[in-house]
Amino acid sequence: MAERQVNIRNKRASFDYHLLEKFTAGIQLTGTEIKSIRESKASISDAYCIFRNGELWVKNMHISEYEKGTFANHEPLRERKLLLKKNELNKLDKKIREKGFTIIPLSVFISGRGFAKMEIALAKGKKVHDKRESIREKDTRRELERMTKRR
């Protein structure tokens with residue numbers, strides 16, 4: 001059976017933040033949640049990560065209810081625990097205590113072994129002039145591509 005590749009992305013992340021360091025974390029899910037993710041029925045555009053009791057949690061990650069689920073279906077916006085190694089958790093916890101740093105989800109995917117994984121990044125918010133600079137760079141790249149295609 002050819003399995004469809006699941007790749008749910010946060011497209012605004014690189015526009016709104018300077019991405020400093022990336023990590024791959026497991027996600028603690030229920031049965032109906034993993035089935036919805038395999039159908040690509042999830043969104044991480046408004047999601048962010050927080051620390052609670054030394055554990056990393058993702059908030060505002062929307063996973064649609066599984067259409068074939070019964071009374072045991074999950075809540076779409078519940079908090080989900082992220083699974084990282086202890087030294088990675090300590091490193092992230094230390095960094096986000098500094099002003100301006102946050103942890104944002106970049107993408108959700110299914111690993112080779114069938115587990116749901118989330119790529120997260122330690123990020124620092126961009127200022128308005130940085131966003132303008134990003135737009136300018138994107139426009140110049142697009143212009144260069146157009147020029148090379150014409151030849």
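Four helices and 9 strands make up the secondary structure of this protein. Helices here are DSSP runs of H or I of at least four residues, strands are runs of E of at least two, and both are numbered from the N terminus. Along the sequence the pattern reads β-α-β-α-β-β-β-β-β-α-β-β-α.

A word on the source. This is a predicted model, with local features needing pLDDT of at least 70 and side-chain atom pairs counting only at pLDDT 80 or more, while totals for chains, interfaces and linings use all residues. Residues are numbered from 1 along each chain as its sequence is written, and side-chain values use heavy atoms, with hydrogens and water left out.

Now the overall picture. The C-alpha trace spans about 55 × 45 × 25 Å along its principal axes. The protein has 151 residues, and 34% of them count as buried. Buried means under 20% relative accessible area, exposed means over 50%, and partly exposed is in between, with a 1.4 Å probe and protein chains only. Take the contacts with a separation of 6 or more: 67% of them join residues 24 or more positions apart. Contact means heavy atoms within 4.5 Å.

Next, strand pairing. Two strands pair if DSSP finds at least two bridges between them. β2 pairs with β9 in the antiparallel sense, over 9 bridges. One of the residue pairs is F23 with I120 in β9. β2 also pairs with β7, residues 80-83, again antiparallel, over 2 bridges. There, I27 has L82 as its bridge partner.

On to helix α3, residues 86-96. Which of its residues are buried? They are L89, L92 and D93. These residues lie on the same side of α3, because they cover an arc of only 100° around the axis. The arc is that of the directions from the helix axis to the C-beta atoms. In general, an α-helix has 3.6 residues a turn, so residues three or four places apart point the same way. Turn to the face of α3 away from the buried side, and you find the exposed residues N87 and K94.

What covers the buried residues of α3? The cover includes β2 (17-27), β4 (48-52), β5 (55-59), β8 (101-110) and β9 (116-125).

Last, T32. T32 sits in helix α2, residues 31-38. Its relative accessibility is 13%, so T32 counts as buried. Leaving out residues up to four places away in sequence, T32 touches Y66, A72, N73 and H74.
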